[in-house]
Amino acid sequence: MDSKTLRYIIKRILMAFVTLWAVVTVTFFVMKAVPGDPFASEKAITPAAKAALEAKYGLDKPLMEQYKNYLVGAMHFDFGPSLKQRGRNVSDIILDGMQTSARIGVIALLVATSIGIVLGSTAALHRNTVFDRIIMVFTTAFVSMPSFIMGTLLLLLFSVQLHWLPANGTEPGGLILPIVTLSLYPMSYITRLTRSSMLDVLGQDYIRTAKAKGVSEKNVIWHHALKNSLIPVITYFGPELAYIVTGSLVVEQIFAVPGIGRSFVNSITGRDYTLIMGTTVVLASLIVIMNLLSDIMYKLVDPRITLE
């Protein structure tokens, strides 16, 4: 690894910490500025009981002291106790939810990327054929449709009408529909991105030179065209993960998947401020890290890229 690449990585890591600090700070003060309090829904709560709860969770301290304590805890991924799920720490709730969400997200990511690259490359190699047009029609439809609409349609078709798959994510086979729902949009986008990039690469001079030297069509495609056409796909890798993570917030609610997305939505409706802030920090950390890794992967795929 050369010195320029190392300096770039160090700079990006420092920027990542600044970004996460900004996320923690903004989330904390926004939660404090929201009207009401997390104990407003408690039945017939007395002022004395409310004061005792605030003292228990440290909400009676000055605002800046609360911010300092939360910032120190967030640096160790200790987000304190949940305000609604009594006796449970936010870190434990997030860890339990991430076990399911991470499995869904990774599988959806792999499915979307692999199928998208294959379909995009095939469409480019069979440009303007019936097969190419069919792929473009379906990918356009999937890109245009939000995940909550797609999830609802899949639920109605395969669970309600055909009874092929369960509607509840906790049942055997119940994660198939959420995975399909989360993977359709990025798969379609990657298909279109790969097709466009592949067509551009196939028209480059070095491809024509390789063919003129007698390099086989297979080697031209696999060793020259495909490798260089994957650079835009890697660029989209970070945002793709961001889409899957944020999309899971609604999809997990539709299919009753016990993941971090469902916990996050329930924490918002229940005013569980500590869980909201903890989940936001974890998701932001994941997105920042994946964007950093995707930038580093540029260099591995194409050594000609200079990281500055």
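## Basis of the model

The model is predicted: local features need pLDDT of at least 70, side-chain atom pairs count only at pLDDT 80 or more, and totals for chains, interfaces and linings use all residues. Residues are numbered from 1 along each chain as its sequence is written, and side-chain values use heavy atoms, with hydrogens and water left out.

## The largest pocket

The largest pocket holds about 380 Å³ of space. Of its 19 lining residues, Y57, Q66, N69, Y70 and T274 are the closest to the centre. Helix 1 (3-33), helix 3 (63-75) and helix 12 (273-301) are the elements that give two or more residues to this lining, and helix 3 gives the most, with four. By class, the lining of the largest pocket comprises nine nonpolar, six polar and four charged residues.

A pocket is an open set of points on a 1 Å grid over the protein atoms alone, where a 1.4 Å probe fits, with protein on both sides within 12 Å along at least five of seven lines; lining residues have an atom within 4 Å of a point. Helices are DSSP runs (H or I, at least four residues), numbered from the N terminus. Ala, Val, Leu, Ile, Met, Phe, Trp, Tyr, Cys and Pro count as nonpolar, Asp, Glu, Lys and Arg as charged, and the others, Gly among them, as polar.

## The second largest pocket

Helix 1, helix 3 and helix 12 each supply at least two of the lining residues, and helix 1 contributes the most, with four. The lining of the second largest pocket has nine nonpolar residues, one polar and no charged.

## Surface patch and valine positions

V130, I134, V137 and F138 make up a nonpolar surface patch with about 410 Å² of accessible area together. V137 lies in helix 5 (residues 130-144). V137 counts as exposed because its relative accessible area is 56%, the cut-off being over 50%, with buried under 20% and partly exposed in between (1.4 Å probe, protein chains only).

V180 belongs to helix 7 (residues 176-202) and is partly exposed, at 31% relative accessibility. The C-alpha atoms of V180 and A108 are separated by 6.9 Å, although these residues are 72 residues apart along the chain.

Note on methods: Patches are made of residues with over 30% relative accessible area and no salt bridge: like charges are joined within 9 Å, nonpolar side chains (Val, Leu, Ile, Met, Phe, Trp, Tyr) within 5 Å. Accessible areas come from the Shrake-Rupley method with a 1.4 Å probe; for residues, only the protein chains shown count as cover. A salt bridge is a side-chain nitrogen of Lys or Arg within 4 Å of a carboxyl oxygen of Asp or Glu. Grid points are joined across faces, edges and corners, and a volume is the space filled by probe spheres set on the points.
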